[in-house]
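Colleague: Before we go through this model, I would like to hear the grounds for each term you use.
Modeller: Ask as we go, and I will set each value against its definition.

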Amino acid sequence: MLMKNRGSFLEHSVTIKVEGFEQQKLITECMRKDIPLKDIHILSDIEMILTLMEWDYQTFLKTAKNKYRITILRERGYKPAAKKAFGKKSTIVGLILFALILYYQSTFVSEIRILGYESFTESEIRESLKEAGLYEGCSKSVDLKAVKLHLYNDLDNIAWIGVKYIGNLAEVTIAEGTITPKPVDKSKPCDIIADKEGYVEKTIAREGVVAAPQGTYVKPGDVLISGIVPVKSTAYGTPGVDTTERYVHSEGEVYARIPYRLNYYQERYRDIKTPTGNSLVGFRIEIGGFKLNSANILNHYDNSVYEEIKLIHTVRPIPISFGIVKIDEVIVTEQERSQEEIEKEGNRQARLAIRENLPENVQILNKSLKFSPGENIIGVAIMLEALEKIGMEKEIVIGNTTDRGTEDQN
Amino acid sequence: MNVKDELLYDFSIKMPRLLVSGNTGILDNVKKIVYITDSSIVVDHGSRFSAVSGDDLRIKLIEEERVLVTGNIRSVEFYSGKKGDADEK
């Protein structure tokens, strides 16, 4: 039997109610005309409900002629469903909107992954990336070259930076350079040279000759413990004046007093904000690159204090931020800060300076603060003297007089 | 069943062929629906009739001389052929 291409009941089917006598005759006629029928439910002698394919509906009507009253109860299948869905304007608008949202959310960075860092912490790199404009929720159109350049400038000892987007994920790969000097092989002669400038305080030479006694001011590269040890021959029959040299692998520790001079600034006057009692409330909304702050539009105060309560802050799927803002009008008056306050702040700045500029485990020998008041600011000169271990090994290349000469000059 | 019997069975297109299992019955070689209610379905196979009786009977599908019946099937009966037919009983 040749199969007709009718599709299937899943494609498009019609459930109808047939009213009339001799239902069995109509069903038999449908069988003869090869009309598949489904779910035949006999309600009474004159009523039945059945389902047939939409393809056969016209043939069914011709078969039934005017002997039966036929009512369509429902249509099923993916074709009428699609027709129904796409027939509505609201569905089309919704779909377009969905597609736009999908596209819009793909233009933002939702996550940043940092790989390859060793000496830096992830938060340091993230902070630097944020300063450069790459943060979670930022647009993907950020200039990556500028971001890399910022990172090269901001973070020391970066050999290579790679930034690539994987969907909404920004993958930042960092390769750090190696600046740690390799220690000289024990079998090779070497000097101990200064790696910082300062006044030599104490030298413990286990091997080699002390080249910089206590109190000597040394600069980076100056020899502290020399690996060239003069040897005077005392053997019988050898002229006593003849001296020769022995090359050794210098070992020892050199401590030096390192001076630091750091400049900080403080405000001379302190602002006192007195509320006038006038205030306004608004909202701030950020959707991707769109930013709106109603308080900023309505704010007409000369001086004001801005407060915000963040209610929504999401990055995925679209960066959305919403908050209630309050702006209070204030009158700003200036009051000169007391000496005690200035000194307290100076000491805090000194502690900050020590933490930021001095290596760990150093002994602070002296600390002094000098305040120079200006018109609006006060300059704070912080003088620090720290006892630090200086000195690094430098190989002596035999026969290379130029190298030796250079070191001497230093 | 030998080959001859199998061939005869396959080509008996006017004879009733029923398969009943649980609440489902399959009636093959159906030429005509004679009587249909929710308690009884009688069909003509060409040379014989068969009837399925029970409760809540429904025709699930009619397609290519096959009728799929669902419901509580209680009994199946076969009736003799039409007047003048060789197998009239």
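Colleague: What makes β16 (residues 269–287) and β19 (residues 320–336) of chain A a pair?
Modeller: Strands are DSSP runs of E of at least two residues, numbered from the N terminus. Two of them pair if DSSP finds at least two bridges between them. β16(A) and β19(A) share 16 bridges in the antiparallel sense, so they meet that definition. Within this pair, A:Phe283 stands opposite A:Ile324, and A:Arg284 stands opposite A:Gly323.

Colleague: What are these numbers and letters based on, and how far do you trust the model?
Modeller: Residues are numbered from 1 along each chain as its sequence is written, while chains are lettered from A and ligands numbered from 1 in the order in which they are written. The model is predicted: local features need pLDDT of at least 70 and side-chain atom pairs count only at pLDDT 80 or more, whereas totals for chains, interfaces and linings use all residues.

Colleague: Which residue of β17(A) stands opposite A:Arg284?
Modeller: A:Asn293 does. β16(A) and β17(A) pair in the antiparallel sense over four bridges. Their hairpin has two residues between the strands, and A:Gly288 takes a positive phi near 60° there.

Colleague: Why are β17 (290–293) and β18 (304–314) of chain A called edge strands?
Modeller: The open sheet has four strands in the order β17-β16-β19-β18 (chain A), with antiparallel pairing. β17(A) and β18(A) each pair on one side only. Neighbouring strands here are turned by 25° against each other on average, direction ignored; axes are lines fitted to C-alpha atoms, for helices over the stretch in contact, and angles run from 0 to 180 degrees between N-to-C directions.

Colleague: How do you know which residues of chain A and chain B touch, and how many are there?
Modeller: Residues are in contact if their C-beta atoms, placed from the backbone, lie within 7 Å. The contact takes 13 residues from chain B and 12 residues from chain A. On the side of chain B, β3 (32–36) and β5 (49–63) give two or more residues each, and the largest share, six residues, comes from β5(B).

Colleague: What links strand β2 (residues 37–42) of chain A to β5(B)?
Modeller: Three bridges join these strands, which run antiparallel. A:Lys38 stands opposite B:Leu61 in β5(B).

Methods
Contact = placed C-beta atoms within 7 Å.
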